[in-house]
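The following exercises are to be worked with the sequence and the coordinates at hand. Each task is followed by a solution in steps.

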Amino acid sequence: MTNQIAASADAAAVVRMNGINKWYDAYHALRDIELVVAPGERIVICGPSGSGKSTLVRTVNLLEPFQQGHLQVCGVEVGADAITRAARLAVNRRVGMVFQQFNLFPHMTALQNLTVGPVWGNGVSRPEAHERAMHYLERVGLLAHAHKHPAQLSGGQQQRVAIARTLCTRPQVVLFDEPTASLDPEMVNEVLQTMESLAGEGMTMLIVTHEMGFARRVADRVIFMDQGQIIETAPPDDFFERPQSARLRSFLGQLLPH
C-alpha cells in the first residue's frame, strides 16, 4: 500500500469495519473483522472455500446482515442493530457490485440492462442514462454489442456488460465477488483486463478472486481469510514472497506453481 493511501486511510475511509461478527445460526461466518479501506485502494481478498470472503464483501453493501460490530460505508454509519431499509438504500446508492453470475435481464439488450438501474433506482433521466450506458459500453469494449441480448454474447462479454452496468450507477466503491469464476479459461483474461484498467483509473475496489497474477499486478493489499477471520494482510510483494503465517504458506503452496 502506498504511503499516501496509508496516511489517508483512517482520516477518509471509504469502508470501515469494526468488530464485525456474523453467524448463520450456529455457524460463525465472520469473526471480529477489522478492515479500513482508503479512497482509491484496491484490495484483493483470497482464501479457501468457506473462509468468509464472499460473506465479507456482501456485508459491506448489507446484502448480508451482521449481528455484532459497526460498519461505515461512504459516510453511511450502520450498527448491527440499525440495518434498516433506509440504510440499505443509502449504501446501495454508493456501492456497486459485480457477482459471479452475471444477473443480466435476458429479455433486455445490453443497453437496456445498463439504463434500467439509473432510471428506476437512481432517478436519472432517460437521455442521461442512455449517454452513461453508451459511454461505459465503450469503456468495456462492447459498444458494437449495445443492442444484443445476453444470449447473443459470450460469458466474458456478459460479465463486461455487468461491470459496465455497475459503473452506470457511479459508485464510490465497487465490490467484485469472484467475477471470473463462472467463465471459461479463455474468457477470464478479457474480464481481468477490464478490471485492471478500472484499477488504473483509481477506482476503489474490493475483489474476491483466486487470480493471483491479477492480485500481484493490481492490489495495494492482499488479504488472506480462513475460518471467518482475516489471518494476514500485506502488500503483494510481502504477501507472496514473505508470508508470515503457516496457514498462508500452505495455501499459497497449493495455489501457486512451484
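**Exercise 1.** Which residues does Thr109 touch, not counting residues up to four places away in sequence? Determine also where Thr109 is found and whether Thr109 counts as buried or exposed.

*Solution.* The model is a predicted one.
Step 1: Thr109 belongs to the loop that runs between strand E6 (95–98) and helix H4 (110–122).
Step 2: once residues up to four places away in sequence are set aside, Thr109 touches Ala146, His147, Lys148 and His149.
Step 3: buried means under 20% relative accessible area. Thr109 has a relative accessibility of 9%, and therefore counts as buried.

**Exercise 2.** How many residues does the largest nonpolar core have, and which have the most contacts inside it?

*Solution.* 
Step 1: the largest nonpolar core has 47 residues. Those with the most contacts inside this core are Leu137, Val161, Ile163, Phe176, Met195, Val222 and Phe239.
Step 2: helix H7 (residues 185–200) gives the most to this core, namely seven residues.
Step 3: a second, separate core has 32 residues, among them Val14, Leu30, Val60 and Leu175.
Step 4: apart from neighbours within four places in sequence, the contacts of Phe239 are Cys46, Val222, Ile223, Phe224, Glu232, Ala234, Leu248 and Leu252.

**Exercise 3.** Is Leu192 buried or exposed, and how many residues separate Leu192 from Gly19 in sequence?

*Solution.* 
Step 1: Leu192 lies in helix H7.
Step 2: the relative accessible area of Leu192 is 6%, so Leu192 is buried.
Step 3: leaving out residues up to four places away in sequence, Leu192 touches Thr180, Glu211 and Phe214.
Step 4: Leu192 and Gly19 are 173 residues apart in sequence, and their C-alpha atoms are 32 Å apart in space.

Notes
Residues are numbered from 1 along each chain as its sequence is written. This is a predicted model: local features need pLDDT of at least 70, side-chain atom pairs count only at pLDDT 80 or more; totals for chains, interfaces and linings use all residues. Side-chain values use heavy atoms; hydrogens and water are left out. Helices (H or I, at least four residues) and strands (E, at least two) are DSSP runs, numbered from the N terminus. Buried means under 20% relative accessible area, exposed over 50%, partly exposed in between (1.4 Å probe, protein chains only). Contact means heavy atoms within 4.5 Å. A nonpolar core is a set of buried Ala, Val, Leu, Ile, Met, Phe, Trp, Tyr and Cys residues joined through side-chain atoms within 4.5 Å.
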